[in-house]
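Subject: Structure for your review

Hello,

Here is the structure I said I would hand over. My notes on it follow below.

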Amino acid sequence: MNNQDFIRQSDGLDSKSRYAKSIWQAIHTDPPLLLGISLLCGFGLFVLFSASGGDVPVVRRQALTMVVGLVVMFIVAQFNVHFFRQWAPTLYAAGIGLLGLVLVVGVAKNGAKSWLDLPGLPSFQPSELMKFVVPMLVAWYLASRPLPPRFKHLFWSAVMILVPAALIIIQNDTGTAIMVTMSGIFVVLLAGIRWRIVIAGFIALLLASPAWFIFLAQEHQKNRILTFFNPYRDPTGAGYNIIQSQIAIGSGGLYGKGWGQGAQSHLDFIPESNTDFILAVLAEEFGLFGVLLLISVYLFVLARGCYIAYAANDTFSRLLAGSITLTFFFYVFVNMAMVSGLLPVIGLPLPLISRGGTSVVTLFIGFGLLMSIQTHGHSRAI
Amino acid sequence: MTGKWQLKDHEAERTLFSGRLMVAGVFVLLLFTALIIKLVNLQVSQYEYFSARSDGNRLHSQFVPPSRGLIFDNRGQLLADNQPIFNLTVVREQVGDLEETLDYLDTLIDLSDDEREQFSNRLRRNRVPFTSVPLRYVLSEADKAKIAVNSFKLPGIAIEPQFVRQYPLADLAAHSVGYVSEINRAELDSFDDEERENYGGTNHIGKTGIERTYEDLLHGTVGYEIVEKNNRGQVMRRLDRTDPIAGKNISLYLDSQLQIVAEEALGDFRGAVVAIDPNTGGILAMVSKPGFDPNLFVTGISNKNYSVLVTDEINTPLFDRSTNPYPPGSTIKPFLGLGGLHHGLVDYDFTIEDPGYFRLPGVRYRWGDYTLRTAIGGGHGHTNLQKAIYQSCDTFFYDLGNRMGIDTMHSFMAQFGFGENFAVDINYARTGVLPSRDWKRATRGEPWYPGDTINSSIGQGFMWATPLQLATAVSIIANKGKVVQPRMLKAIDGVPYQPEIQDPVADVVVNDPDYWRYIEESMSMVVHRAFNDVFREYGTAYEAIAMADREMPYRMAGKSGSAQVVGISQEILQSGDIQVSDPNKDHALFIAYAPAENPNIKPQIAIAVFVENGEHGSSVAGPIAKRVTDAYLLDILQIDFAAMESGNDELISLVNE
């Protein structure tokens, strides 16, 4: 509490010079991050136009979603990150409550019963909120404890992560559960958990995976794993998506077939070409150079996120910024690796490129938090 | 104390965090590197392979079937047309679970078991992979809509337009024009590589009649196109195309109007009518009754319809009576008489005294005169060749045949096409039997007995001839020995067709050309010699033909015949004790040509009528021949015989052209 008092004082001292520094600071916006996000959004709309076969309403709806996302990001950035720190336990409790509510009155869409249709509110997925609420709570918990965390703290962190993850798995939404878990784990990793625990955990996971595969995995999950190792065991069924996706990527070559010229996507050989498999469209039409360009923009955004985390002034901000950035990376990597056949198929979209609603807004909330950390905290560094 | 501890901790935590962030950064770069390596592998190293796979996905070379040539009759009436229909087709390789898909289709458009079975038969045939196989021909509009709406659930299922054969006259010329039907396994196996290629896009092939005989002309040459297809097998773009060459349109000598008349003239009888233009050999009409609807076969006849056609043992609608042999009976008498004249066995003055039967020396059996069996007893009395023909006296011909011997009879009759197929392009026609010593030894392992010759001299016993053969033979008499081999094909794409005949049949030459006139006169008497005071001196067909139509403007040369189906003794027949069942009744035959004995115009039509179990050649088959001849000469050729009598040369030359 002393620390916070100190901060408030110095905040007041520096306020004049901060306003003078830049207009961006004033509106709590980080220009490099905004640039990277805008490039990704533009690129995404460009690819989506082709992937949807020139479907203007689809592109327009996606553009609108992005505008909404940017507005949400801007609003989130106006709050000092410590506001979220104070509210983290409350948000978390509310999130768990909503997840419980979903189990009772939730609506199923696309096989996952994860939607809430509350009167007076647009329908939304409480599980999406947990993607930033969980790292917020874990960061809040660990930041006020000596680091590296003790075993007792790790235990409670694990409970904080696994309770919502379990509730989301019950909703039959494994993809989101993995993301929520990973966002929490990233906090723990960044908080300085000892390497031997990390390595031990990793080995334990490796040893447990065969047991999971044999006893716990559902049929479609087993299929995905088997298909990953040999797509041609069922080329027209389970392996169809990945085979067609690889054909699309491979036939794109270095320079691609040109915008709107992707035969694989335009003749409907690529399934989910607007959503999870949009990278295949991009790779087919823009070639290796197109994908490298996209990766570069992603790297730029990631680098900026890492810088924000690095430059943040307090542990909570650092942990939250680091987790948000790494979660974003995790998204990007898992999708790209899955579409190119480096990982089994997991239903995750490519951030800011794939068509989609709620998950896009969640991403922008994350970017808003990053901007809040960057623009509210720096005055304190002096 | 507390503040100090926290500040120190703050620094350590920052260092710890920075270290961890660094490690994370390294992981990020490593993982991206792995991803890029994978992408380079796909997009650079394996580019050629995936590029080919991508083209293989979307580009399909497919056959473009040629449109089948049309078949026209003599007057440009369509006998075989091509009609567009919409087929439901399946590309096996693009369908996941076939049974599941078929079950689902069943819920949409009710597939019958028959359809499923036929489809699996089609699938089993040798076929090029990724070609479409018809599941149902002729989709209704409603079914088309149901398929189209659910097409996203039906990969590999498509609706394809196709032209299929349609026979506008249905039953009318089913046997002679024939039909096309799906290519079967045996036909595919018989193809050489070139043919298999040429039939790559074709589902149908000519099975019978003209459709089969001129399959090569009608089919045409297959074309190719390269198309881009989407993942449901729908063609999105055509990239390259080699047009097919359509089959030739052909015209036949067949006259559908005459065909209709002949068909109607047969009435409810089973039988056949073959009419030939003796000047060209062109077949004007070739009817076999009962017929069947050839359209049933085009899109795959259902088992039910097919069994109806094949289980009818009496009517046997699929059986072509015009090209299958029957005992010719008395219709062979003019030919045998001509042979007697030629070989000097009889002359114009030769007569026999007919007691009503014939006996071989030393044989007790009496060969009765069948023509008399329903009449009052006794014989024809004083009988020469002419009377033997117009009264159809068996005894005269028993004697003539006996003296001629089977060897001479065989060689002379063979010149008229008995025992052979003179037709140029009806290779499926049977040859019947013109018996000989060699034939009997080869087929029966028995020597030839003199009694066999006696039976043969009235067209019974071993002698068998098709209606087509009879019409051909009588056309040779009409032509006074000149042989014009019968043919169906008149023109290809409007260009008159002259077939190259490998072994042309030699004309029939007799010692004295006047014999032709004599035979013509005798046959004319069959039709026109009226009743008079003298017992049995009228033509056998006079009552049914010339007397029935006293206005008949032309003369017709004919010969009736009644061929025994089973041997029933005269006593039993005359006693009236038993009723002869229908299939055991005699076959009725009549051969004729017209106009006969006309100094102004040559014969224009030669005809053979066969009526199965019709009993009486002259009274049943004769009027049918008369009706067809009338229709041809008076309605179709519109010959004005009255004007001709008055010597209108201009008109005559016009007709003769």
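Chain A contains 15 helices and 2 strands. Please keep in mind that this is a predicted model. Of the 382 residues in chain A, 49% are buried. When contacts in chain A between residues at least 6 apart in sequence are considered, 70% of them link residues at least 24 apart.

On the interface: 42 residues of chain A are in contact with 36 residues of chain B. On the chain A side, two or more residues each come from α1 (2-21), α8 (174-190), α11 (240-252), α12 (263-266), α13 (278-311) and α14 (315-339). The largest share of that side belongs to α13(A), with 9 residues. Sorted by class, the chain A side holds 25 nonpolar, 15 polar and 2 charged residues.

- Cis peptide bonds: the bond from B:Lys289 to B:Pro290 is cis, with omega near -5°. B:Pro290 sits in the loop between β12 (283-289) and α12 (295-298) of chain B. B:Ala594 and B:Pro595 are also joined by a cis peptide bond, with omega about -10°, and B:Pro595 is in the loop between β20 (587-594) and β21 (605-611) of chain B.
- Positive phi: B:Val138, not a glycine, has a phi of about 55°. Its loop runs between β4 (133-136) and α5 (141-149) of chain B. B:Val138 counts as partly exposed because it has 14 C-beta neighbours inside 10 Å. B:Asn613 has a positive phi near 55° and lies in the loop between β21 and α22 (617-636) of chain B. With 19 other C-beta atoms within 10 Å, B:Asn613 is partly exposed.

Regards

Notes:
Residues numbered from 1 in each chain as written. Chains lettered and ligands numbered in written order. Predicted model: local features only at pLDDT ≥ 70, side-chain atom pairs only at ≥ 80, totals over all residues. Helix = DSSP H or I, 4+ residues; strand = E, 2+ residues; numbered from the N terminus. Buried ≥ 20, exposed ≤ 12 C-beta atoms within 10 Å, placed from the backbone. Contact = placed C-beta atoms within 7 Å. Nonpolar A, V, L, I, M, F, W, Y, C, P; charged D, E, K, R; others polar.
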